[in-house]
Amino acid sequence: MSAPAELRLPRYRRDPEGTHPPLDYAGYRSTVLRHPKEPLIVLPHLLTEVTGPALGPGRIGEFDNDLTKGHAGEPQGQRIIVTGRLLDGDGRPIRDSLVEIWQANAGGRYRHTGDRWPSPLDPNFDGAGRTLTDSEGRYTFTTIKPGAYPWKNHDNAWRPAHIHFSVFGSAFTQRLVTQMYFPEDPLFSQDPIFNSIPDEKARQRMIARFDLDRTEAEWALAFQFDIVVRGREASVFEDEEDEH
Amino acid sequence: MPETTPSQTVGPYLSIGLPWPDGPDVVPADEPAAVRIHGRVLDGAGEPVPDAMIETWQADAGGRFDHPDDPRGPVASGFRGFGRCPTDPGGNYEIRTIMPGSLPGPADSTQAPHIDVSVFARGLLHRVVTRIYFEDNDNSGDPVLASVPEARRGTLVATKAGDGYRFDIRLQGEGETVFFDV
């Protein structure tokens with residue numbers, strides 16, 4: 001089959017104003033020297049942008065979705081199961097897609113040489129996990145509820161407990177790194193990273209839901225967190241398919 | 001319909017969860033045409049950013065993507081096309097890749113060989129996106145470069161350096177890299 005004279009590519013909807021944080025946010029001091037001051041230039045969605053890496057099973061090890069395993073003993077803290085779906089903005093599941101997480105331990109300490117918070121390191125917890133979504137876009141991690149920790153952003157600053165999530169979607173346009181927060185955290189009001197999201201409803205989408213149905217008796221609590229990456233605009237291809 | 005989950009910073013400890021030992025290798029170790037692209041990520045004071053990570057995405061030498069949304073049909077190259085490298089304490093990154101091919105653009109135009117780049121870092125609440133072009137290619141007909149003010153186009157062009165190319169990323173200030181709204 002010869003190449004079409006003009007490429008017809010899927011296009012991705014740009015997210016509404018307020019969905020994502022501004023690059024310059026006074027409350028979060030580290031943005032001061034790191035935000036571009038020139039305006040961003042609109043990049044049309046061409047071949048490079050509508051495709052993306054398909055990072056499959058080759059990246060996953062045996063215990064990568066269970067952060068409580070792989071060590072001599074059990075990690076300290078509250079065991080939790082985190083489940084959810086990776087969806088696009090049209091509600092379609094994104095299958096066989098890499099989901100990566102990293103987090104602090106139960107005492108709010110990261111296994112990183114740069115973390116000087118004098119809460120103990122846990123020899124049985126590294127705080128990194130990976131998994132692939134299944135045919136319905138579902139993922140599951142078993143881990144430990146991370147603790148809150150202080151940082152030096154402002155006077156008496158504390159980060160709410162959170163788990164970092166990284167997803168690829170199925171196109172370069174959909175790449176997303178976010179943080180999952182826990183319900184009713186008393187630290188939200190003073191956290192500039194959480195509050196950098198202008199739209200209150202969008203902010204709420206970063207808070208997991210307590211999931212009693214998925215708790216395991218005498219073993220683990222459970223939280224549910226869906227991640228949504230942007231959707232596609234209706235394409236010429238789909239219109240044609242609808243006519244068949 | 002579900003609405004998009006907001007972006008958040010990777011924070012200072014992204015190296016716990018994101019980098020891979022083979023992340024900088026876009027092509028296999030025995031690839032004869034491999035080139036090295038290296039550079040630094042710098043902040044508005046010209047200081048290196050040691051807690052950043054770059055990710056790259058590109059076509060193969062024939063300008064093809066191994067992806068179902070490439071309407072020119074599938075390729076079975078085994079070429080990963082994706083690179084990922086955290087910055088070191090000096091703000092340095094590097095990837096090992098091949099020169100991508102030219103690509104069709106809108107309205108019968110041709111895109112010059114390029115690599116899409118995402119930059120993540122502490123202090124970046126949302127990734128920033130740029131493109132790498134190469135000084136020894138003909139970039140004159142590229143529709144994306146043409147949309148960039150002429151005085152700033154140079155920030156998107158990697159220069160020949162040793163066994164590869166140099167591409168510095170300046171997040172702010174003099175010579176600020178062009179970043180795109182994707």
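A salt bridge here is a side-chain nitrogen of Lys or Arg within 4 Å of a carboxyl oxygen of Asp or Glu. By that rule, eight salt bridges are counted between chain B and chain A. Keep that in mind for the first stop.

Some ground rules before you select anything. This is a predicted model, in which local features need pLDDT of at least 70 and side-chain atom pairs count only at pLDDT 80 or more, while totals for chains, interfaces and linings use all residues. Residues are numbered from 1 along each chain as its sequence is written, chains are lettered from A and ligands numbered from 1 in the order in which they are written, and side-chain values use heavy atoms, with hydrogens and water left out.

**Stop 1: the interface**

Show chains A and B together. In contact (heavy atoms within 4.5 Å) are 72 residues of chain B and 86 residues of chain A. The buried area is about 6,700 Å², with carbon and sulfur atoms giving 60%. Buried area means the accessible area (1.4 Å probe) that two parts lose on being put together, summed over both. Now select B:Gln8, B:Tyr13 and B:Leu125. These supply 12% of the area that chain B buries against chain A, more than any other three residues.

Next, pick A:Glu100 and B:Arg84. They form a salt bridge, with the closest N and O atoms 2.9 Å apart.

Colour β7(B) now. With five residues, β7(B) gives the most to the side of chain B that touches chain A. Strands here are DSSP runs (E, at least two residues) and helices are runs of H or I (at least four), numbered from the N terminus.

**Stop 2: a strand pair between chains**

Select β1 (residues 41–42) of chain A and β12(B). Two bridges join them, and they run parallel. Strands pair if DSSP finds at least two bridges between them. Pick A:Val42; its bridge partner in β12(B) is B:Asp181.

**Stop 3: A:His162**

Go to strand β8 (residues 162–167) of chain A, where A:His162 lies. A:His162 counts as buried because its relative accessibility is 2%. Buried means under 20% relative accessible area, exposed over 50%, partly exposed in between (1.4 Å probe, protein chains only). Then check the A:His162 side chain. One of its polar atoms lies 2.8 Å from the backbone oxygen of A:Pro160. It also makes a polar contact with the side chain of A:His164 (3.2 Å).

**Stop 4: A:Thr68**

Move to the loop between α1 (47–50) and β2 (79–88) of chain A, which holds A:Thr68. A:Thr68 counts as buried because its relative accessibility is 5%. Its side chain makes a polar contact with that of A:Asp66 (2.5 Å). Among its contacts beyond four places in sequence are A:Arg79 and A:Ile144.

**Stop 5: β1 of chain B**

Finish on residues 35–42 of chain B. Six of the eight residues in this strand are buried. Six bridges join β1(B) to β4 (residues 92–97), antiparallel; there B:Gly39 partners B:Tyr93. β10 (residues 164–166) pairs with β1(B) in the parallel sense over three bridges, with B:Arg36 opposite B:Gly164.

Terms used
Polar contact = N/O pair within 3.5 Å; in protein donor to acceptor, adjacent residues only side chain to side chain.
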